Amino acid sequence: MAKRSRDFTTGSPAKQLLIFALPLIASMILQNLYNTADAVIVGRFVGQTALAAVGAAGSLTRVILMFVSGTTQGMAIIVSQFYGAKDETSLKKTIATTLYIMVGLSLVLGTLGPMLARELLQAIRVPADVLDDAIVYLRIILAGTIFTGFYNMANFLARSLGDSLTPTLVLVITSILNVGLNLLFVLTFQMGVAGVAYATVLATLVSAIVCWAIVWKKMPVVRPTAETLKPESAIVRMVVRMGLPSALQYSMVSIGALSVQTMVNVFGSTVMAAYSAGTKIEALVSFPPGGVTQAMQIFTGQNVGAGKDDRVRSGFKAGLAMIAMYSVFSGLLMIFGGRTLMGIFTKEAGELVQVGHRYLVISGLGVFSLGLLYLSRSTLVGAGDAAAGAYISLFELGLRIVAAYLLSHFTSLGYMGVFMGGPISWTVAGLYSYVRYRRGDWMSKRLTGEAKPA
């Protein structure tokens, strides 16, 4: 099939998974580095209030954009299974159908989002001193939704065909561009929060163009024929059936973060800014194993499509070992190095650093549980059980909101109770998702028999 794709149905599962995961891990680090760069530049050169605004608007942005990301993620599951089954015609039809859905969804969100920015931010109780900057940031980011959609689609498409290197190389270029534009717009042009938002949108546009150009050139299998451009009812149903739960799954993760953000907002701009900085550090330090879980989803998809369930089990064991080893390192770094890391975001040591360090200590205690949750869920989704991913995400979301609310409202913990909701929900939902994986129902979720090439 494609020249730069990878076939996961042969070779050592552990080696295949690690080789594919390394560029994904690098991608996550780079992605979080340039998200962190936004916060550092805003916090140090614009101010604490602006940092709080970017954090609050960012939580809302992730919820909205995850609907687009979830749709393209659903496509990746289907494409990986058709690739494993060597069904090129259905693969092309899946890509074309997803493109139509993604463009329509992006245009709707990119139009309505900026119009409703003020109302959405007021709904999550953003304080008055932060609101105006948050509105500016949110409107600019959501206006660029179509660019995010095209980038995510090319990114997930390359990964589903076994190429994790291309998205990483593209991200290296655009991360450098994003940081450069941030410095230009904020320091030279004095554009404040708007400058950070424009830098992000322009960098995403460049990412989309470059990634699509490479995928189109290096992977002939993605190029449609006249026959595959026409939507087919069986493919449409499959894309919707997989894409909607995936969109809900990823949106619920962001809704959880948004719900926590809403509770944090009650405690004022200092706690808001500390939470914004703390979550950036958390993502940079503890989320790299997400590259392993993303790789596991594609690995599972191809092997389930090829009918090789034993390889999925072997891959899961290898992935869990990788996550366990990294969790020890990241947890210790967040607990013992968190205060130093928080100091990067502000010129003055004080309450912001103290609050952010407390968040990192609490989060550091739950990093392995988070890894177990993501690995188990990704395996189920990759096998074709997208509904399981949505159910588990909903379960985790409910636990997190309830725990955070109860601990912050009915104990003396205050904002610390909000922070503790995350590790509690990760642990319980992680154990549930692992039990569901061990039960083995995912082995009956194969998709490749549902659509046949015409």
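This note sets out numbered points on the predicted model shown above.

1. Basis of the values. The model is predicted, with local features requiring pLDDT of at least 70 and side-chain atom pairs pLDDT 80 or more, while totals for chains, interfaces and linings use all residues. Residues are numbered from 1 along each chain as its sequence is written, and side-chain values use heavy atoms, with hydrogens and water left out.

2. The largest nonpolar core. A nonpolar core is a set of buried Ala, Val, Leu, Ile, Met, Phe, Trp, Tyr and Cys residues joined through side-chain atoms within 4.5 Å. Buried means under 20% relative accessible area, exposed over 50%, and partly exposed in between (1.4 Å probe, protein chains only). The largest such core has 91 residues, and Leu121, Leu157, Leu161 and Phe419 touch the most other members. Helix H2 gives the most to this core, with 19 residues; helices (H or I, at least four residues) are DSSP runs numbered from the N terminus. In soluble globular proteins, nonpolar side chains tend to be buried together.

3. Which residues does Leu157 contact beyond its neighbours within four places in sequence? They are Met75, Val79, Ile95, Trp212, Val215 and Val222, where contact means heavy atoms within 4.5 Å. A second, separate core has 28 residues, among them Phe8, Ile298, Val312 and Trp426.

4. On a 1 Å grid over the protein atoms alone, a cavity is a set of points where a 1.4 Å probe fits but cannot get out, and a pocket is an open set with protein on both sides within 12 Å along at least five of seven lines; lining residues have an atom within 4 Å of a point. Grid points are joined across faces, edges and corners, and a volume is the space filled by probe spheres set on the points.

5. The largest pocket. This pocket holds about 150 Å³ of space. Arg313, Phe316, Lys317, Leu320, Tyr434, Tyr437, Arg438, Gly440, Trp442 and Met443 form its lining. Helix H13 (309–342) and H17 each supply at least two lining residues, and the largest share, four residues, comes from H13. Six of the lining residues are nonpolar, one is polar and three are charged.

6. Aromatic pairs. Rings of Phe, Tyr and Trp (its six-membered ring) pair if their centres lie within 6.5 Å; planes under 30 degrees apart count as stacked, over 60 as edge-to-face and the rest as tilted. The structure holds 15 aromatic pairs. The pair of Phe267 and Tyr415 is edge-to-face because the ring centres are 6.1 Å apart and the planes stand at 80°. This pair links distant parts of the chain, 148 residues apart: Phe267 lies in the loop between helix H10 (233–265) and H11, and Tyr415 in helix H17 (residues 415–439). Phe267 is partly exposed, at 34% relative accessibility, whereas Tyr415 is buried, at 14%. Tyr359 and Phe419 also form an edge-to-face pair, with 5.0 Å from centre to centre and 85° between the planes. Both Tyr359 and Phe419 are buried. Ring pairs join Phe267, Tyr275, Tyr359, Tyr415 and Phe419 into a cluster.

7. Ser276 lies in helix H11 (residues 269–286). Is Ser276 buried or exposed? Ser276 counts as buried because its relative accessibility is 2%. Leaving out residues up to four places away in sequence, Ser276 touches Leu51 and Gly55. Ile281 is also found in helix H11 and is buried, at 5% relative accessibility. With the same exclusion, Ile281 touches Ser286, Leu341, Met342, Phe345 and Leu360.

8. Positive phi values. Most residues other than glycine have a negative phi. Arg125, which is not a glycine, has a positive phi of about 60° and lies in the loop between helix H4 (117–123) and helix H5 (128–143). Gln190 has a positive phi near 55° and is found in the loop between helix H7 (165–188) and helix H8 (192–218). Gln190 is exposed, at 62% relative accessibility.

How values were computed:
Ala, Val, Leu, Ile, Met, Phe, Trp, Tyr, Cys and Pro count as nonpolar, Asp, Glu, Lys and Arg as charged, and the others, Gly among them, as polar.
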